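Hi,

Here is the model I promised to pass on to you. Could you open it beside this email while you read?

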Amino acid sequence: MIAALFVAEHGVYAGLPGVEVWGVSRDARLYDGPHPCVLHPPCQRWGRYWHGGPSAKVRRVKGDDDGCFASALASVRRWGGVLEHPEASAAWSTFGLMTPPRGGGWVSAGMSDPGWTCCVEQGHYGHRARKATWLYAVGVELPLLEW
């Protein structure tokens with residue numbers, strides 16, 4: 001069994017055998033195991049347009065995601081799995097994770113950190129755009145990926 005946290009309730013993980021979906025209605029911040037996770041915490045307040053972009057009418061705060069990223073990080077460290085966030089996510093530096101090399105390859109997430117991090121382009125895996133993405137993995141076999 002795998003827990004898919006911070007995902008769309010009717011998205012790509014829904015209906016897959018052996019996958020427990022934690023969408024908005026279940027509040028993934030409350031996940032208490034025991035399964036390894038695949039995590040997609042909200043990225044809107046951590047990316048390049050955390051402020052909402054040039055046409056934003058509401059002032060936003062960088063990192064203001066109601067504790068979702070912190071919860072996701074705690075879950076993946078406790079239960080194992082893989083966390084995904086957009087390339088250049090400010091969450092990496094905020095939480096002390098090493099920035100992965102753009103050219104690919106797994107690197108240690110930090111001196112005392114249990115995880116590994118890398119940068120992949122989702123275009124190699126069926127996405128229409130290149131979409132550079134950072135992964136953080138703990139307690140899983142690190143696969144060779146198409147960087």
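Below are notes on the pockets, the aromatic rings and one of the strands.

This is a predicted model, in which local features need pLDDT of at least 70 and side-chain atom pairs count only at pLDDT 80 or more, while totals for chains, interfaces and linings use all residues. Residues are numbered from 1 along each chain as its sequence is written, and side-chain values use heavy atoms, with hydrogens and water left out.

Pockets first. A pocket here is an open set of points on a 1 Å grid over the protein atoms alone, where a 1.4 Å probe fits, with protein on both sides within 12 Å along at least five of seven lines; lining residues have an atom within 4 Å of a point. Volume is the space filled by probe spheres set on the points.

The largest pocket holds about 400 Å³ of space. Its lining has 17 residues, and Val82, Glu84, Val120, Tyr125 and Leu135 lie nearest the centre. Strands (DSSP E runs of at least two residues; helices are H or I runs of at least four) are numbered from the N terminus. β7 (132-138) gives the most to this lining, with three residues. By type, the lining of the largest pocket has 11 nonpolar, four polar and two charged residues, with Gly counted as polar and Asp, Glu, Lys and Arg as charged.

The second largest pocket has a volume of about 260 Å³. It is lined by 14 residues, with Phe6, His40, Pro41, Glu84 and Lys131 closest to its centre.

Now the rings. There are six aromatic pairs in the structure, where rings of Phe, Tyr and Trp (its six-membered ring) pair if their centres lie within 6.5 Å; planes under 30 degrees apart are stacked, over 60 edge-to-face and the rest tilted. Trp46 and Phe69 make a tilted pair, 6.0 Å centre to centre with 55° between the planes. Trp46 sits in the loop between β3 (37-39) and α1 (68-79) and Phe69 in α1, so this pair ties together parts 23 residues apart in sequence. Ring pairs also link Trp46, Phe69, Trp92, Phe95 and Trp134 into a cluster.

Last, strand β6 (residues 116-121): five of its six residues are buried, so the strand is largely enclosed by the rest of the structure. Buried means under 20% relative accessible area with a 1.4 Å probe, protein chains only. Six bridges join β6 to β7, and the two run antiparallel; Cys118 has Leu135 in β7 as its bridge partner.

Happy exploring!

Methods. Buried < 20%, exposed > 50% of the residue type's maximum accessible area, 1.4 Å probe, protein only. Pairing = 2+ DSSP bridges.
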